Structure formats: C-alpha cells, structure tokens
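The sequence and model come first.

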Amino acid sequence: MSHAHALPQWNQDQRILFHTTLNKWLVICSDEEYQTLMNLREQVAPGQVCSFIKLIRSCFARPDLSGLLPASLVQQLQAGSLLPAYAGVTASAG
C-alpha cells in the first residue's frame, strides 16, 4: 500500500519517547478517546496484532484516518515533536 505522505523511520530514542508519551496519554484519556483509538486500530489492521507505533504512523500516512485520532493524543505527540509537520492541522477535536 502506498501512502501520500511517506514517513521516515524513527530511531530508538524517538520510539522510546513515543511509548513514554503514549503511556502518559493512556493514563489521562477518556474511555471514549481510548475506544476511538481502538476503532482506528481495527481499520488499520483488522483482526491483527498492530503496534501503537504502526497504528499512529499509519493513521498519519492515510488522509482518511489522520483526522480521526483523538485530539488529546495528537497534542501529546505534537508536544513531543513526534508528528510530521503537516499532521497538527488534521486532528479531530474529539
């Protein structure tokens, strides 16, 4: 599958920062936000195991999914400089 915005691979430090940021978000997110993320996982990898890194990066690589990520998660990732430059404007408010 080709994506309009190919994302460069992350190094180990970026992957660690991503997981730290995600873990912090998981503690504060609402049940609705978490369910939104799980619904997106099912769209990205139906019935399969899918890493959170693959999930988030796949969502930003697909214009039809990038605006569906919970805004609070996008804000956390943006604060950690973990988003592509174009990603900040596509996040949903929910």
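The sulfur of Cys59 lies 8.3 Å from the closest cysteine sulfur, that of Cys50, which is too far for a bond. A disulfide here is a pair of cysteine sulfur atoms within 2.5 Å, and the structure holds zero of them. The model is predicted: local features need pLDDT of at least 70, side-chain atom pairs count only at pLDDT 80 or more, and totals for chains, interfaces and linings use all residues. Residues are numbered from 1 along each chain as its sequence is written, and side-chain values use heavy atoms, with hydrogens and water left out.

Burial is given by relative accessible area: under 20% is buried, over 50% exposed, and in between partly exposed (1.4 Å probe, protein chains only).

| Residue | Relative accessible area | Class |
|---|---|---|
| Cys29 | 14% | buried |
| Cys59 | 0% | buried |
| Ala79 | 67% | exposed |

Ala79 belongs to helix H5, residues 71-79. Helices are DSSP runs (H or I, at least four residues), numbered from the N terminus. Ala79 is 58 residues from Thr21 in sequence, yet their C-alpha atoms are 9.2 Å apart in space. After H5 comes Ser81, with a positive phi near 55°.

Within H5, the buried residues are Ala71, Ser72, Leu73, Val74 and Leu77. Their cover includes helices H1 (12-28), H2 (31-44) and H3 (52-61); contact means heavy atoms within 4.5 Å.

Two packed helices are described by the angle between their axes and the distance between the axes. For H1 and H5, the axes come within 10 Å and cross at roughly 145°. Axes are lines fitted to C-alpha atoms, for helices over the stretch in contact, and angles run from 0 to 180 degrees between N-to-C directions. H1 contributes Phe18, Thr21, Leu22, Trp25 and Ile28 to the contact, and H5 contributes Ser72, Leu73, Gln76 and Leu77.

The largest nonpolar core has 23 residues, of which Phe18, Leu37, Ile56, Leu69 and Leu73 touch the most other members. Such a core is a set of buried Ala, Val, Leu, Ile, Met, Phe, Trp, Tyr and Cys residues joined through side-chain atoms within 4.5 Å. H1, H2, H3 and H5 are the elements giving it two or more residues, and H3 gives the most, with five. Leaving out residues up to four places away in sequence, Ile56 touches Phe18, Leu37, Leu69, Leu73 and Leu77.
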